[in-house]
Amino acid sequence: MPRDSVAQPPDGGAGSDAPAAAGASLMGRLLGLLLQGMPFIFGIGFIAPLIAQLLERTLPAAAQAQWPLLVGLAIGGTWGAVANVTGRWL
Amino acid sequence: MSVSATVQERDLSALTSQELMRLERSIAEEFMGGLPWGSIAWAFTNLVVWLSLWPLTLSGLIPLWVTAPIATVNVILSYLPSHEAQHRIIAREGERLFWLNELVGHLSPVPLGLSYEAARLTHYEHHKHANDLELDPDINTKSDSGWRMIVKDIRSQLQTVTKMGTAYAKALERLGTEEARRAGATALIYALATNALLFGFAWAGHALEVAALVWLPRIVGGVYIRFFLSWAPHHPAADLGRYRDTRGFRSRLGNILTMGMQYHIIHHLYPRMPLFRHPAAFRALRPILVARGCRLDGI
């Protein structure tokens with residue numbers, strides 16, 4: 001599935017005015033940065049709360065505590081950062 | 001008596017290639033046209049079931065172990081109605097029901113998170129260049145055996161940028177049209193929107209629920225789709241050409257669980273023929289396929 005397709009940022013193209021082209025180029029760069037950092041963002045954005053929720057379900061005593069989320073952030077963040085560097089999740 | 005009925009008893013060896021082609025087309029014509037209501041109903045029923053899972057799961061009315069397999073089936077079933085739309089089988093541009101074609105095309109693959117336009121353009125490239133190592137965007141499923149394909153696919157999914165995603169992006173880039181650029185941008189928006197959805201629900205305390213509704217089903221369903229829709233009908237993916245780039249095959253899972261792909265060779269010969277007519281068309285065309293040297297593995 002073309003889920004990570006189009007790494008090409010949109011450019012202004014011939015005939016577009018300079019501010020529009022600059023804006024588009026800036027947007028393209030930001031988008032590029034966002035995509036480059038996506039594994040880390042995924043680690044924080046999804047894996048971390050997933051681990052936290054798993055811990056809270058399996059250990060009822062942890063339901064009101066902060067530590068499951070901290071553990072989730074530590075694992076998710078680290079995992080995502082490693083994936084970002086190596087290009088692989090495992 | 002129809003042409004397809006008479007061909008079963010004829011000796012085709014004496015026919016020239018052109019005569020064989022004329023006969024093939026006249027038989028195929030019997031199975032073309034008409035509105036594929038089955039596929040349309042399939043698209044909307046499947047989508048409604050998947051959407052219904054959201055409130056049922058988020059409210060805790062059904063457990064996650066029920067949600068995940070149903071959502072996985074939804075993901076698996078979401079591609080083919082859109083595939084019918086990609087080939088304008090429901091209606092062509094300019095026809096009265098073209099809006100319905102596009103509606104099915106866009107809505108049906110929502111559980112899969114697939115952008116219709118990107119899927120359509122890259123799928124046309126697959127048809128044009130099936131099994132071409134450089135130009136077929138689906139060639140990454142090529143493997144010596146089914147098990148190797150599954151292992152290879154899982155390995156690929158563990159990469160942060162999949163080979164398949166790269167192949168689709170390259171195909172759109174090669175096309176280089178405004179339409180392809182738009183399709184690529186839409187695919188990117190779909191990917192970002194999917195992640196935003198996952199992050200939003202996860203941080204709202206529904207990470208497991210959204211994992212069961214979207215994340216796991218797309219991983220598992222994706223493997224299933226690529227196995228039966230890409231690897232199996234093109235295996236061994238070694239030959240090029242109209243009669244050699246796709247095969248017929250018999251699966252132990254039967255025609256329903258393989259989503260009709262045992263007869264995928266018919267689709268490559270006549271892409272606008274509705275999916276539900278492939279088995280009958282295959283039986284009618286079989287003598288010609290044999291005469292053409294097609295690969296028909298056990299079917």
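Rings of Phe, Tyr and Trp (for Trp, its six-membered ring) are taken as a pair if their centres lie within 6.5 Å, with planes under 30 degrees apart counted as stacked, over 60 as edge-to-face and the rest as tilted. The model examined here is predicted, so local features need pLDDT of at least 70 and side-chain atom pairs count only at pLDDT 80 or more, while totals for chains, interfaces and linings use all residues. Residues are numbered from 1 along each chain as its sequence is written, chains are lettered from A and ligands numbered from 1 in the order in which they are written, and side-chain values use heavy atoms, with hydrogens and water left out.

W50(B) and W54(B) are edge-to-face because their ring centres are 5.6 Å apart and their planes stand at 85°. These two residues sit four positions apart, about one turn, in helix α3 (residues 37-58) of chain B; helices here are DSSP runs (H or I, at least four residues), numbered from the N terminus. Both W50(B) and W54(B) are buried, that is, under 20% relative accessible area with a 1.4 Å probe and protein chains only.

A tilted counterpart is found in F227(B) and W231(B), with 5.0 Å from centre to centre and 35° between the planes. About one helical turn separates F227(B) from W231(B), because they are four residues apart in helix α9 (residues 178-234) of chain B. Both of these residues are buried as well.

Turning to the interface, contact (heavy atoms within 4.5 Å) involves 38 residues from chain B and 30 residues from chain A. The buried area, meaning the accessible area (1.4 Å probe) lost on putting the two parts together and summed over both, is about 3,100 Å² between chain B and chain A, and carbon and sulfur atoms give 68% of this. T160(B), W203(B) and L208(B) account for 21% of what chain B buries against chain A, more than any other three residues.

One salt bridge (a side-chain nitrogen of Lys or Arg within 4 Å of a carboxyl oxygen of Asp or Glu) is found across the interface of chain B and chain A. E209(B) forms a salt bridge with R57(A), with 3.1 Å between the closest N and O atoms. On the side of chain B that touches chain A, α7 (146-157), α8 (163-175) and α9 each supply at least two residues. The largest share of that side, 21 residues, belongs to α9(B).

Definitions and conventions: Buried < 20%, exposed > 50% of the residue type's maximum accessible area, 1.4 Å probe, protein only.
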